[in-house]
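Biologist: I have a model to go through with you. Can you put it on the screen and pick a place to begin?

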Amino acid sequence: MTIHTAPLLRALSAVIAAVLLTGCTGLEGAGDKGYVTADGVVRELDPSDRGEAKSISGTDLDGNPLSTEDHRGQVVVLNVWGDWCGECHAEAGDVVGAAEQTQNDDVVFVGINVRDPSPETAMSFVRQYDVPFRSLYDQSGESLLEFHGTLTALSTPATVVLDRQGRVAGSVLGVLPSQQTLVSMIEKVVAEDG
């Protein structure tokens, strides 16, 4: 009995290609950029669907300690950014605007600066956009591992909204669609019972 493998291999290749194509999301590949971009993929979670509390800590761009644990009871908005990231520059105005619009005792923004070679490099971004919140300096991006299932080590830019218990309530992978998108997400979480 002779088995012709060429038609079988072609059929198998077609099936694999179809699976790979249908498995794509709005995320583009990292390519030679070394990070994943997306067109603001927004995800919001009902309180009953949120996992365990998340926390990260380290030092800010000035070398001072910074921990999300210090903000339990507040809605914490994490923004992942880097001075090297063109998309981060594109969304900076919307992030800063949302931070200024929602700034009160119930909401705190914390940046997570990743992959910049030094805090001084990151500070040029902070000065350029007059960023009103502190940022963790995390050159390796290791803090993003705490958000497995929401973020990857290549998720830049990204924004995560934590509820008052520190659970992921929503996220935007890629550039924010608009300032109002983030403000609306934050306001929904703020309005939830404590």
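Modeller: Let us begin with D130, which lies in the loop between helix 3 and strand 6. Helices (H or I, at least four residues) and strands (E, at least two) are DSSP runs, numbered from the N terminus. Residues are numbered from 1 along each chain as its sequence is written. This is a predicted model, where local features need pLDDT of at least 70 and side-chain atom pairs count only at pLDDT 80 or more, while totals for chains, interfaces and linings use all residues; side-chain values use heavy atoms, with hydrogens and water left out.

Biologist: What is phi of D130 near?

Modeller: Phi of D130 is near 50°, which is a positive value in a residue other than glycine. Most residues other than glycine have a negative phi, and most peptide bonds are trans.

Biologist: Is D130 buried or exposed?

Modeller: D130 counts as exposed, because its relative accessibility is 58%. Buried means under 20% relative accessible area, exposed over 50%, and partly exposed in between (1.4 Å probe, protein chains only).

Biologist: What about R115, where is that found?

Modeller: R115 is in the loop between strand 5 (107-114) and helix 3. Its phi is near 65°, again positive in a residue other than glycine. R115 has 34% relative accessibility, so it counts as partly exposed.

Biologist: And which residues does the cis peptide bond join?

Modeller: T156 and P157, with omega at about -5°. P157 belongs to the loop between strand 6 and strand 7.

Biologist: Let's step back. How many helices and strands does the protein have?

Modeller: There are four helices and eight strands. Read from the N terminus, the order is α-β-β-β-β-α-β-α-β-β-β-α.

Biologist: How much of the protein is buried?

Modeller: Of the 194 residues, 42% are buried. The protein exposes about 10200 Å², and carbon and sulfur atoms supply 54% of that area. Accessible areas come from the Shrake-Rupley method with a 1.4 Å probe; for residues, only the protein chains shown count as cover.

Biologist: What share of the contacts comes from residues 24 or more positions apart?

Modeller: Among contacts with a separation of 6 or more, residues 24 or more positions apart account for 72%. Contact means heavy atoms within 4.5 Å.

Biologist: Now the helices. At what angle do helix 2 and helix 3 pack?

Modeller: Helix 2 (residues 86-102) and helix 3 (residues 119-129) pack at about 50°, and their axes are 10 Å apart. Axes are lines fitted to C-alpha atoms, for helices over the stretch in contact, and angles run from 0 to 180 degrees between N-to-C directions. The two helices are therefore oblique to each other; angles under 35 degrees count as roughly parallel, over 145 as roughly antiparallel, 65 to 115 as roughly perpendicular and the rest as oblique.

Biologist: Which residues make the contact?

Modeller: C88, H89, A92 and V96 of helix 2 meet F125, Q128 and Y129 of helix 3. By class, that contact has five nonpolar, two polar and no charged residues. Ala, Val, Leu, Ile, Met, Phe, Trp, Tyr, Cys and Pro count as nonpolar, Asp, Glu, Lys and Arg as charged, and the others, Gly among them, as polar.

Biologist: And helix 2 with helix 4, how do the axes cross?

Modeller: The axes of helix 2 and helix 4 (residues 179-190) cross at roughly 35° and come within 8 Å. The residues in contact include G93, G97 and A98 of helix 2 and L182, V183 and I186 of helix 4. The classes there are four nonpolar, six polar and one charged.

Biologist: Back to single residues. Where is the place of S171?

Modeller: S171 sits in strand 8 (residues 168-173). Its relative accessible area is 5%, so S171 is buried. Beyond its neighbours within four places in sequence, S171 has contacts that include V41, T159 and M185.

Biologist: What does S143 touch?

Modeller: Not counting residues up to four places away in sequence, S143 touches I56, I112 and D138. S143 is in the loop between strand 6 (135-138) and strand 7 (158-162). S143 counts as buried because its relative accessible area is 13%.

Biologist: Last one: where is R72 found?

Modeller: R72 is in the loop between strand 3 (65-67) and strand 4 (75-81). With a relative accessible area of 31%, R72 is partly exposed. R72 and S55 are 17 residues apart in sequence and 9.5 Å apart in space, C-alpha to C-alpha. Leaving aside neighbours within four places in sequence, the contacts of R72 include S55, R164 and G166.
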